[in-house]
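Here is a short walk through one protein chain, with a few places worth a look. Keep the viewer open as you read.

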Amino acid sequence: MVQERCPNCFEPGYRGGSCGRCGFQASYDKRSVRALPAGVVLKRRYYLGRLLGEGGFGITYKAYDLQGGRLCAVKEYAPAGMTLRGADKRKLVLSSREKQEPYRAGLRRFMEEAQILSRLERIPAVVDITDSFQENDTAYFVMEFLDGADLRQIVKASKMRLPAEEITDIILQVAVAMDIIHTRTKIIHRDITPDNIYITRDKKVKLIDFGSAKQTVTGYEGGLSVVLKPKFAPPEQFSSRMIQGSYTDVYALAGTYYYALTGRMLPAAPDRLSGANYVPLKQMNLGIPDSVSDAVDRALALNVNQRTQTMQEFIQGIAGGLQKRPIQAPQPCIQITAGPEAGKRWPIPSGVPVSLGRGAAAQLQMHQPEDVSRIHCQITWLPEKRKFRIQDLSTYGTFYQGRRLNKGTLYDVAPPAKLMLASPLCVIELGLY
């Protein structure tokens with residue numbers, strides 16, 4: 001039996017709807033009857049905590065991976081109006097027989113999203129998916145847990161306009177990721193909005209929600225469902241027969257950029273076709289160079305043939321005038337993600353073994369529980385392989401993907417990689433930041 005844990009910090013000893021460690025109260029968790037109860041364990045591994053989000057087609061939970069010793073997020077396919085919870089409060093049952101066909105179609109789309117995200121593993125600025133499975137007569141996928149806020153929340157919460165350089169840096173990171181996706185996989189996102197760009201507390205930028213994404217060849221020749229957010233979608237997304245392509249995502253990202261800089265949304269594409277317009281950036285006294293404003297205007301052209309066609313073109317258009325510093329290549333780093341020093345990070349050199357532990361003899365010293373050895377493990381970044389090499393040197397073990405590593409054996413792992421040192425109270429991530 002799994003010991004009851006806090007739905008927020010997942011430490012044991014949660015009693016009476018209150019956590020003495022993080023202060024979480026059960027009353028903070030506003031979950032509807034559609035959601036699974038806190039404390040449910042899926043796949044004998046994922047301990048569900050508080051609700052993160054509840055939409056028309058899915059429910060997302062904060063969760064704890066009991067095997068991996070790390071926080072994660074679990075997304076469940078649970079379409080509103082089609083399903084109810086069974087008597088056990090776990091299984092999904094159809095609200096009527098007539099819902100079976102649309103439910104199955106939606107389930108296929110949900111699993112497609114999981115498959116798409118799994119193909120985008122290790123692309124910067126894209127949320128990572130680590131697992132997918134079926135249970136309770138529905139489907140789930142497991143993602144990295146993101147602690148922060150989306151771009152719309154950040155813009156709304158800011159009393160003053162955010163610096164143009166900061167916004168440009170965020171948009172450029174998304175654009176670079178989408179350029180890789182477009183060229184490598186031919187997948188288009190079709191739902192780039194401020195809501196779907198997430199900025200974590202440690203300033204990582206992540207594009208989320210690939211539920212509307214589709215694979216194209218040179219543009220999808222009709223048949224795509226009309227799924228969109230009106231203020232950010234180009235004209236071709238309002239029709240199931242018009243061709244969509246990389247330029248579709250370019251329009252949406254340019255609209256997102258415009259909103260983040262100004263706090264104003266564009267008129268919906270049908271309204272623009274009927275004569276509504278927006279004020280160009282260069283006319284708003286924002287300190288935006290004319291060249292950047294013109295690049296945004298080209299990316300927002302209603303006519304596909306006149307619009308910026310690729311993310312690479314859009315990047316070139318907005319990068320020149322605003323960036324005060326070049327985008328640096330990601331550096332190999334070790335970061336503590338769970339424990340009293342969560343958030344602490346060390347850059348490490350290439351090709352040089354670095355020791356990590358609790359004692360003064362360790363090159364990277366941690367103030368961690370006594371289960372962590374004085375020299376717990378040794379980690380090396382191998383640039384030619386683009387992998388981290390791990391060697392456990394501890395008493396109580398180093399764990400990777402739920403498995404204890406053999407002491408003294410060398411293991412090569414690709415970033416990002418989570419390691420548990422002795423217990424769930426100390427988890428580190430090896431990655432490029």
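## Helices

Buried here means under 20% relative accessible area, exposed over 50%, and partly exposed in between (1.4 Å probe, protein chains only). Helices (H or I, at least four residues) and strands (E, at least two) are DSSP runs, numbered from the N terminus. This is a predicted model, in which local features need pLDDT of at least 70 and side-chain atom pairs count only at pLDDT 80 or more, while totals for chains, interfaces and linings use all residues. Residues are numbered from 1 along each chain as its sequence is written, and side-chain values use heavy atoms, with hydrogens and water left out.

Take helix H6, residues 290-299: its buried residues are Val292, Ser293, Ala295, Val296 and Ala299. Seen down the axis of H6, they fall within an arc of 160 degrees, so they line one face of the helix. The arc is that of the directions from the helix axis to the C-beta atoms.

Helix H3 covers residues 164-185 and, with 22 residues, reaches 31 Å from first C-alpha to last, close to the 32 Å expected at 1.5 Å a residue. That expected span is 1.5 Å times one less than the number of residues. Just after H3, Lys186 has a positive phi of about 65 degrees.

## An open sheet

An open sheet of 5 strands runs in the order S17-S16-S18-S19-S22, with mixed pairing; two strands pair if DSSP finds at least two bridges between them. Strands S17 (364-365) and S22 (410-413) stand at the edges with a single partner strand each, so one side of each is left without a neighbour in the sheet. S19 (residues 387-392) and S22 run antiparallel and are joined by 4 bridges; Phe388 has Val413 of S22 as its bridge partner.

## Loops to inspect

In the loop between S18 (377-382) and S19, Arg386 has a phi near 55 degrees, a positive value in a residue other than glycine. Arg190, in the loop between S10 (187-188) and S11 (197-200), has a positive phi as well, near 70 degrees, and is buried, with a relative accessible area of 3%.

Pro415 and Pro416 are joined by a cis peptide bond, with omega about -5 degrees.

## Confidence

pLDDT is the predictor's confidence in each residue, from 0 to 100. The chain averages 86, and 93% of the residues score at least 70. Over residues 217-227 the pLDDT is below 50. Where pLDDT is low, the predicted coordinates should not be read in detail.

Methods:
Contact = heavy atoms within 4.5 Å.
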